[in-house]
Amino acid sequence: MPDAIGNKVPKNYHLDVHAPEQGFFAKGLGNSDWGMKNRLSKLFNPESGNTVMLAFDHGYIMGPTSGLERVDVTIAPVCKYVDVLMGTRGAIRTCIPPTVNNAICLRATYDSSVLVDDMSVGTGIGADMEAAIRMNVTAVAIQCFIGGAGEARSMEDLCRAVDCGERYGIPVLGVTAVGKNMARSTEYFLLATRILAELGASFVKTYYCDHFENVVAACPVPIVIAGGKKLPEKDALEMAWRAISDGARGVDMGRNIFQSECPAAMAQAIGAVVHKGSSAKEAYEMYQEIKNSTK
Ligand code: 5RP
């Protein structure tokens with residue numbers, strides 16, 4: 001306990017300095033509690049307002065995907081080049097050292113495996129908020145199947161996760177899952193992202209599409225884009241650049257990073273687009289330079 005007697009008398013109240021603004025850099029999240037904002041500031045870089053998330057949660061439905069045969073071998077070395085790691089608790093616990101400094105976005109739902117025709121029929125909560133807190137995660141990701149057979153169940157899971165997340169200050173990432181037979185249209189993403197935000201997701205993951213700026217404008221919280229299937233590095237960087245130019249606040253990319261010829265170079269090049277405003281061309285040059293220097 002501090003001594004009560006003999007202390008210096010307080011006299012400098014900095015009357016010429018304004019108290020800090022209580023505004024918050026992340027779109028739509030200014031009314032969140034301090035703890036939630038603190039976690040959001042670990043997910044999104046407060047300077048750029050953006051984030052590079054590395055998704056390696058594919059195994060939970062696909063088994064050992066190319067590039068993720070050994071998560072400990074391929075993902076752990078790339079962690080230092082990204083802001084956020086997104087994976088299942090099984091993969092994070094077994095393959096990611098607890099000493100990493102990244103924010104962690106826990107894939108908290110399970111879904112049907114690739115052997116089932118419609119992955120939305122078997123969706124549910126795979127890791128509850130208590131498990132998330134024990135793992136000291138920064139956010140939880142809940143996948144929603146708007147328009148799919150599992151729509152109601154997944155929306156219920158999202159709402160419950162938002163309730164619990166608000167109780168403990170943990171942001172929820174709403175993930176728009178597009179079923180096999182559904183069109184990846186602007187109209188679909190306008191609808192799905194807006195629904196997830198209105199149900200309380202703190203940020204939303206979706207796919208890049210035509211007129212993406214409208215999807216961003218109509219979604220009241222930050223949007224990050226998924227990478228999707230592996231593209232040539234140049235094209236993936238171009239997509240990231242377009243998304244950021246259209247207002248996305250980052251990427252949550254998997255295959256376009258870990259299936260790249262040089263994942264560490266690709267992660268850094270994506271980071272240049274997302275945080276430094278590099279053009280796709282500049283970022284591709286950076287990718288090649290780093291790749292060649294590591295040969
Ligand atoms: C799917 C997901 C995955 O994390 C995401 O699709 C993986 O990233 P990528 O498509 O870039 O490989 O959220 O719902």
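Guide: With pairing. Two strands pair if DSSP finds at least two bridges between them. Keep in mind that this model is predicted.

Visitor: In which sense do strand 8 and strand 9 pair, and over how many bridges?

Guide: Strand 8 (residues 203-206) and strand 9 (residues 223-226) are parallel, with three bridges. Take Lys205: its bridge partner in strand 9 is Val224.

Visitor: Which bridges does strand 9 form with strand 10?

Guide: Two bridges, again in the parallel sense, link strand 9 to strand 10 (residues 250-253). Ile225 has Val251 of strand 10 as its bridge partner.

Visitor: What do strand 8, helix 8 and strand 9 make?

Guide: A right-handed β-α-β unit, with helix 8 spanning residues 212-218. Strand 9, helix 9 and strand 10 also make a right-handed β-α-β unit.

Visitor: Now a helix. How should I read its sides?

Guide: An α-helix has 3.6 residues a turn, so residues three or four places apart point the same way. Now take helix 12, residues 280-293. Its 14 residues reach 20 Å from first C-alpha to last, close to the 20 Å expected.

Visitor: Which residues of helix 12 are buried?

Guide: Ala280, Ala283, Tyr287, Ile290 and Lys291. They lie on the same side of helix 12, because they cover an arc of only 100 degrees around the axis.

Visitor: What covers those buried residues?

Guide: Helix 9 (233-245) and helix 11 (263-276) are among the elements covering them.

Visitor: Which residues are exposed on the other side of helix 12?

Guide: Lys281, Glu289 and Ser293 are exposed there.

Definitions and conventions
Residues are numbered from 1 along each chain as its sequence is written. This is a predicted model: local features need pLDDT of at least 70, side-chain atom pairs count only at pLDDT 80 or more; totals for chains, interfaces and linings use all residues. Side-chain values use heavy atoms; hydrogens and water are left out. Helices (H or I, at least four residues) and strands (E, at least two) are DSSP runs, numbered from the N terminus. The expected span of a helix is 1.5 Å times one less than its number of residues. Buried means under 20% relative accessible area, exposed over 50%, partly exposed in between (1.4 Å probe, protein chains only). The arc is that of the directions from the helix axis to the C-beta atoms. Contact means heavy atoms within 4.5 Å. A crossover is right-handed if, with the strands pointing away from the viewer, the path from the first strand over the helix to the second runs clockwise.
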